[in-house]
Amino acid sequence: MRSPYTLENPPPDEPPREVLVPSLWRVQARWWKRHTPALDQRGVKHPVCSHCGQSWPCHSWACWDGQLGQAVGGPPVTGRTEAPAPTEPSRVLALSGVDAEKH
Ligand SMILES: [Zn+2]
C-alpha cells in the first residue's frame, strides 16, 4: 500500500507511536529518503531516482513506501486479515458433512 508520506511530507526519522518495530522503521525511512529524486529533479515531468537512477517512483522506493504504509497501518492490513475468514465456515461444513455420513 501507499504510505501517507510524500516528498513534501517525508517520513520522520523517529517512528510514529503506532509503529511496532522502531528500529525497522528507521531503516525503512532512510531507504525511502534515499530512493527519492534529487532536489533539481523534483519539478520536472519525469524525475529519476537519485539513488538508483530509475524513473521515479522507482521500484525500491515503492517497496519501502509500502512497508512504511504497513507500519503505520492501513486498509491492506485489514484486507489481509479478512482473507482467511472464508475458509473457516467451509471447513466447518466439510467436517459436519463427514460427521453426517458416519451417522
Ligand atoms: Zn531508486
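Pro 4 is partly exposed, because 14 other C-beta atoms lie within 10 Å. The cut-offs are these: buried takes 20 or more other C-beta atoms within 10 Å of the residue's own, exposed takes 12 or fewer, partly exposed is in between, and the C-beta atoms are placed from the backbone. Pro 4 sits in the segment before α1. Its C-alpha is 8.8 Å from that of Asp 65, at a sequence separation of 61 residues.

Before going on, two notes on the source. This is a predicted model, where local features need pLDDT of at least 70 and side-chain atom pairs count only at pLDDT 80 or more, while totals for chains, interfaces and linings use all residues. Residue numbers start from 1 along each chain as its sequence is written.

Next is Ser 3, which is also in the segment before α1. Is Ser 3 buried or exposed? Ser 3 counts as buried, because it has 20 C-beta neighbours inside 10 Å. Not counting residues up to four places away in sequence, Ser 3 touches Pro 11, Asp 65, Leu 68, Gly 69 and Val 72. A contact here needs the C-beta atoms of two residues, placed from the backbone, to lie within 7 Å.

Now the overall layout. The protein has four helices and zero strands, and from the N terminus the order is α-α-α-α. Helices are DSSP runs of H or I with at least four residues, strands are runs of E with at least two, and numbering goes from the N terminus. The protein has 103 residues, of which 18% count as buried. Among contacts with a separation of 6 or more, 49% join residues 24 or more positions apart.

Let me take α1. This helix has 13 residues and reaches 19 Å from its first C-alpha to its last, close to the expected 18 Å at 1.5 Å a residue. The expected span is 1.5 Å times one less than the number of residues. The buried residues of α1 are Trp 25, Gln 28, Ala 29 and Trp 32. Seen down the axis of α1, these fall within an arc of 100 degrees, so they line one face of the helix. The arc is that of the directions from the helix axis to the C-beta atoms. On the face turned away from the buried side, α1 carries the exposed residues Ser 23, Val 27 and Arg 30. The C-alpha of Arg 34 is 5.9 Å from that of His 51, 17 residues away along the chain.

Between α1 and α2 there is a loop, and Val 48 is in it. Val 48 is partly exposed, with 15 other C-beta atoms within 10 Å. Leaving aside neighbours within four places in sequence, Val 48 is in contact with Pro 37, Gln 41, Gly 53, Gln 54, Ser 55 and Trp 56. Pro 57 is in that loop too. The peptide bond from Trp 56 to Pro 57 is cis, with omega near 5 degrees.

Then α2, residues 59-71. This helix has 13 residues and reaches 19 Å from first C-alpha to last, close to the expected 18 Å. Which residues of α2 are buried? They are Trp 61, Trp 64, Asp 65, Leu 68 and Ala 71. They cover an arc of only 115 degrees around the axis, which puts them on the same side of α2. Just after α2, Gly 73 has a positive phi of about 85 degrees. For reference, most residues other than glycine have a negative phi, and most peptide bonds are trans.

Last, the packing of the two helices. The buried residues of α2 pack against α1, and what covers the buried residues of α1 includes α2. From α1, Trp 25, Gln 28, Ala 29, Trp 31 and Trp 32 meet Trp 61, Trp 64, Asp 65, Gln 67, Leu 68 and Ala 71 of α2. The residues of this contact divide into eight nonpolar, two polar and one charged. Nonpolar means Ala, Val, Leu, Ile, Met, Phe, Trp, Tyr, Cys and Pro, charged means Asp, Glu, Lys and Arg, and the others, Gly among them, are polar. The angle between α1 and α2 is about 145 degrees, with their axes 9 Å apart. Axes are lines fitted to C-alpha atoms, for helices over the stretch in contact, and angles run from 0 to 180 degrees between N-to-C directions.
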